[in-house]
Amino acid sequence: MLVDEMPIASFQAPPFQAPGTRRAAREQAAARTGQQVFNIRVALSAGCHADSGALVRRMYAWRGYAFDGGEGSFDKVTLYAETGGELVGTMSLCLDRGGALPADENFGDRLDILRREGRRLCEPSRLAIDSGMSKRVFAALIHISYLYAGELHGFTDYVIEVNPRHVAFYQRMLGFADFGGERPCSRVGAPAVLLRLPLDQMGAQIRKWAGSFEQQGGERSFYPWFFPVWDEPGISTRLAALCRGGERA
């Protein structure tokens, strides 16, 4: 794949655990050091958007979900993780600037409650991580989306639709709470539950745990795998520059 511009952030993690012929050279190099370099980037080109969509489609199919390939007209930014030029993780963050999010299709009445309270909503969507990836890949994508939404643009809440069997994971690992119960989701051909996480709560967990994965002290969430808080200013500066002051990427 072609990579877009400079990375927003880079980190080292143990090598990918699912070998294949395309990955042989990268894995051999990583085996010599015991670590592998991962980069988080903003998808700016059509090629990187296509590669991100291909990973989402593959991971959805592996789980038996339908995949709606339409991009829609949502205001969003797409992030991806790559190592050795190979895309291994992606997520999009849809921004509620026009009163519409993907979750409005199934939970518009619940989202309108938050809007009437003056909350500014954004929806992580199309999150896909290749099998065998370090926890840091997932954590890095979520952390950078948090900086984009909360720190750079003043959004107040994540809302997300997840399959009912994944609810406990998002509650335990990130602190989401049920905000809409279970309803059918036509986009993936499966039931969905609406979850909510105020970004000030996420920020408090980041300040408490981020960067402490080597000394977790019993904390079992994803927050110890986030970037250390002293990395946030540099990440935010690069993110703002690459997204051209908040234009859709």
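A polar contact is a pair of N or O atoms within 3.5 Å; within protein, one must be able to donate a hydrogen and the other to accept it, and residues adjacent in sequence count only if both atoms are side-chain atoms. Ser134 gives us an example: a polar atom of its side chain lies 3.1 Å from the backbone nitrogen of Arg136. The model you are looking at is predicted, so local features need pLDDT of at least 70 and side-chain atom pairs count only at pLDDT 80 or more, while totals for chains, interfaces and linings use all residues. Residues are numbered from 1 along each chain as its sequence is written, and side-chain values use heavy atoms, with hydrogens and water left out.

**Around Ser134**

- You can find Ser134 in the loop between β5 (121–129) and α4; helices (H or I, at least four residues) and strands (E, at least two) are DSSP runs, numbered from the N terminus.
- Ser134 is buried, with a relative accessible area of 16%; buried means under 20% relative accessible area, exposed over 50% and partly exposed in between (1.4 Å probe, protein chains only).

- Strand β3 (residues 75–83) is mostly covered, with nine of its nine residues buried.
- In a regular strand the side chains alternate between the two faces of the sheet.
- In β3, Asp75, Val77, Leu79, Ala81 and Thr83 point one way, Lys76, Thr78, Tyr80 and Glu82 point the other way, and all are buried.
- On one hand, β3 pairs with β2 in the antiparallel sense over four bridges; two strands pair if DSSP finds at least two bridges between them.
- On the other, β3 pairs with strand β4 (residues 86–95), also antiparallel, over nine bridges.
- Follow Glu82 to see both pairings: Glu82 is the bridge partner of Asn39, and in β4 the bridge partner of Glu82 is Leu87.
- Two residues separate β3 and β4 in their hairpin, and Gly84 in the turn has a positive phi of about 60°.

**Aromatic rings**

- The structure holds ten aromatic pairs; rings of Phe, Tyr and Trp (its six-membered ring) pair if their centres lie within 6.5 Å, and planes under 30 degrees apart count as stacked, over 60 as edge-to-face and the rest as tilted.
- Phe11 and Phe38 are stacked, because their ring centres are 5.5 Å apart and their planes are at 10°.
- Phe11 lies in strand β1 (residues 9–13) and Phe38 in strand β2 (residues 36–42), so this pair ties together parts that are 27 residues apart in sequence.
- Both Phe11 and Phe38 are buried.
- Phe169 and Phe222 make an edge-to-face pair, because their ring centres are 5.7 Å apart and their planes are at 70°.
- Phe169 is partly exposed, with a relative accessible area of 29%, whereas Phe222 is buried at 6%.
- Ring pairs also link Phe138, Tyr158, Phe169, Tyr170, Phe176 and Phe222 into a cluster.

**The nonpolar cores**

- The largest nonpolar core has 54 residues, and those with the most contacts inside it are Ile144, Tyr158, Leu174, Met202 and Phe226; such a core is a set of buried Ala, Val, Leu, Ile, Met, Phe, Trp, Tyr and Cys residues joined through side-chain atoms within 4.5 Å.
- Helix α4 (residues 135–152) supplies the largest share of this core, eleven residues.
- Another core, of twelve residues, lies apart from it, and includes Leu101, Ala103, Leu114 and Val159.

**Arg196**

- Look for Arg196 in strand β8 (residues 190–198).
- The side chains of Arg196 and Asp157 are joined by a polar contact of 2.8 Å.
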